[in-house]
Amino acid sequence: MADKPSSSTHEITYFLNIENAKILAFIMVSGFIAYHGFIHVTYSSDTCTWLLSDGRFPGYGVWQPYGCMVHKYTREDSRMCMHYISYWGGHNHITFLGDSRIRQLYFEFVSLLSNQPIETSKAHEDIHFVDDHINARVDFIWMPFVNPEMYKLYKQWMLKAPSERPNLVVTGSATWSIKEFNGSTEALKNFETNLTFIVPYLKKMKESTEIVWTLQDPVLPSQLSPNRSMITNAQIDHYNKVALEVFAKAESSAKIWSSSRLVAQGLKKELVDGIHLSQSALNLDVQMLMNMYCNDHMNHNDGTCCSKPETTTNLQIVVAAFFLVCLVSTIALLIYRRRLRRNGLKIRTENCQRNGGVVNAETSTKELAQSLYEVLTSLSKFGIIMAYFYLCDRTDFFMKENKYYTHVNFFLPFAYIMILGFFFTESTEKTEMLHRDQTDEWKGWMQLVILIYHITGASKILPIYMHIRVLVSGYLFLTGFGHFTYFWKKGEYDLFRYCQVLFRLNFLVVALCFVMNRHYQFYYFVPLVSFWFMVVYVTMAVWPRVTEKQAEERTRTYLFMIIKFILLVLVITLFFISEVFFERIFLLRPLKPLFVTSDDSIHEWRFRWQLDRFSVLYGMIFGFGYHILKRYRMLQDTENRNLFSTSVSWCFAGLGCIGLASYAAFSGLCRNKQECNEVHSYITFIPIVSFILIRNVFGSIRTRYSSFFAWFGRISLELFISQYHIWLAADTHGVLVMIPSYPVLNVILTSFIFICVSHEIFKITTTLTKYAVPSEWKALLRNMVVFGLILISLGVSRGVI
């Protein structure tokens, strides 16, 4: 009986593993593809329709349209949009047609365009706005009734040339009919009849004019004046219902704007005089109009509503064809292997092995076939994953939503993750400072915090932003410490390890550059880590080479290492103080494509480089000092004991707490990002070293680690890069949505899929690394030449070399 619980626990843990989780993730992705495919086929897949039809308030005064992202248009953005449309041959003639509530929208819309104050006191008359600088004309036509006058206006527009008609009409009416006719049934019938006569003209104008019919917003009866008391929400609902029925029967090309009604409903208590919209509601409505009108003409990553996806490039088609060939070849190979098994391959192999002269040839053939199978299988899996990346972030098949920050959204998952990490604390046999389990743990919890930071849009909160900057610096610090320690102890500078590290770092990013049509610098972290790895390699490899063994034999060897550090500081400082020198080096061809963004600017690389220009050096110096102290037995980490005596250990732990508190105070006191960033590179070592002291000075803490965080730390690179497209969306500006209207459930499920995909990419990269970077130098040289030729040809084809 005592064995049953342990047996059942073993059975549960046998099935609860990452491989089974990946199968479940694949099933979930297949289900989501079927679900969204059904939505696209059965319902409208037009993001403009989503924008104008539905949405929700994720927070007070923040509107999230259904399934797409809105860009917040400033005056500069709005004017630039009008200018672009005019420049490319379009015309900006926008007409607001209706009553006083439509006039409110008109004034708010014009105030977003105009550089001059707008007079809003005009009433019951037509108003016109013209700005020749942006070639824009915005009219308001006072027409509070749907009557023959409105019919005549549309008829007049039809007689004009398409270029003389408005290209956008925002209209809607009902409250005046209710008011003037005291909510009579006859007035409602006249409204229906007149609207029915107008609809055919809307159809005829659809090629030149986009018509937006605004459903009537609700009112607040308690605040209505006596002469408006007959305007009730029941009456408004009747008129809205009639309008919907008329447009549906006639299959009009007019777009129904119902999300404005939802906005007004959510901000109903703010209604002015019980009927007119508040300023916050008007802002949201006008932002929806601007997104509808401008997004497809602008290049805003965070504006996917009414914006067409990017067109596929020839390179993307070639890459897709390559992965398709790999997939077909894998399937063919699998079928072939199964047939061989059925035909008794094992028996024939045993017979061949009895003949001594055939053993080596048969074994070599089997190894070659197995290697081919592993490579093709890995590339096929990777191709399927890349197809998923493309589907998520280069099409509008899956939905996307804007990020929304609140303190609860950030700190609640942060607390949950920390508690979960501490729950999985285990002992480790490793006792040295910054051992592998500990660094994996460190990378893991840092990566999880960065993920929470990205999905909640917490970059606008300065203290959080600065602490995340420390975490990124911590990664680079570990890069300097880890590679320095390897070269210091091993003294191996062969090409094999150099290529192995670079391939491991860059394989996923280079593939994404081709698949997602993005420049290398877009994935800024990998270029940064790759560059600083090469700096560490060159620093340690150039003469005189310094290793731990040499230092033990000749003490003066330490001086050579110190001189190298000083020279490295001088070189970094030279690059920093001389922008001209910096650009001359990094803009040299063929290096230039590695450091510029899509607009051919090196600003992003310079910003990232100078922000953490000393972090890797700090890690190298820390590693150097650590090994010296250990060499002269000034600290002891070979056993489960404190690094120093008890009193000294407590002093260092206290200094660590002071260091962390000091940086937290600095991040809270500095006034803006620019000021903070200027100081960051000089003081970032303080919180990093402080954390290391607290984490390592006591043996009881140093020899325990969180297996939960360490697991994530081993795939931290894949998590950091994959989040760009299959967890976040629109190149990190938004959030991927598989389950609309259920944000918490959506984050849980997309996170599960995202983690499983990242782990599979880690496995694939590990498998392909041993074939792409073979240990035999001739094969390695051959692969380097092949990779070089491929990259050069791609560079030439894209005009960057």
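Good morning. Please keep in mind that we are looking at a predicted model.

I shall begin with the interior. In soluble globular proteins, nonpolar side chains tend to be buried together. In this model, the largest nonpolar core holds 145 residues. Which residues have the most contacts inside this core? They are Phe382, Met386, Tyr388, Phe389, Trp532, Trp605 and Ile721. Helix 17, spanning residues 462-490, supplies the largest share of the core, with 16 residues. Another core lies apart from this one and contains 51 residues, including Leu168, Leu220, Met292 and Cys306.

Let us look at one residue of the largest core, Trp532. Leaving aside residues up to four places away in sequence, Trp532 touches Leu476, Ile572, Trp609, Asp612, Arg613 and Val616.

I turn now to the strands. Strand 1, residues 55-59, and strand 2, residues 62-65, run antiparallel and are joined by 3 bridges. What is the bridge partner of Gly59 in strand 2? That partner is Val62.

Finally, we come to the surface. A nonpolar patch there is formed by Leu559, Phe560, Ile562, Ile563, Ile566, Leu567 and Leu570. Together, these residues have about 620 Å² of accessible area. Leu559 belongs to helix 21, which covers residues 557-577. Why is Leu559 described as partly exposed? The reason is that its relative accessible area is 49%, and the term exposed is kept for values over 50%.

Thank you for your attention.

Methods
Residues are numbered from 1 along each chain as its sequence is written. This is a predicted model: local features need pLDDT of at least 70, side-chain atom pairs count only at pLDDT 80 or more; totals for chains, interfaces and linings use all residues. Side-chain values use heavy atoms; hydrogens and water are left out. A nonpolar core is a set of buried Ala, Val, Leu, Ile, Met, Phe, Trp, Tyr and Cys residues joined through side-chain atoms within 4.5 Å. Buried means under 20% relative accessible area, exposed over 50%, partly exposed in between (1.4 Å probe, protein chains only). Helices (H or I, at least four residues) and strands (E, at least two) are DSSP runs, numbered from the N terminus. Contact means heavy atoms within 4.5 Å. Two strands pair if DSSP finds at least two bridges between them. Patches are made of residues with over 30% relative accessible area and no salt bridge: like charges are joined within 9 Å, nonpolar side chains (Val, Leu, Ile, Met, Phe, Trp, Tyr) within 5 Å. Accessible areas come from the Shrake-Rupley method with a 1.4 Å probe; for residues, only the protein chains shown count as cover. A salt bridge is a side-chain nitrogen of Lys or Arg within 4 Å of a carboxyl oxygen of Asp or Glu.
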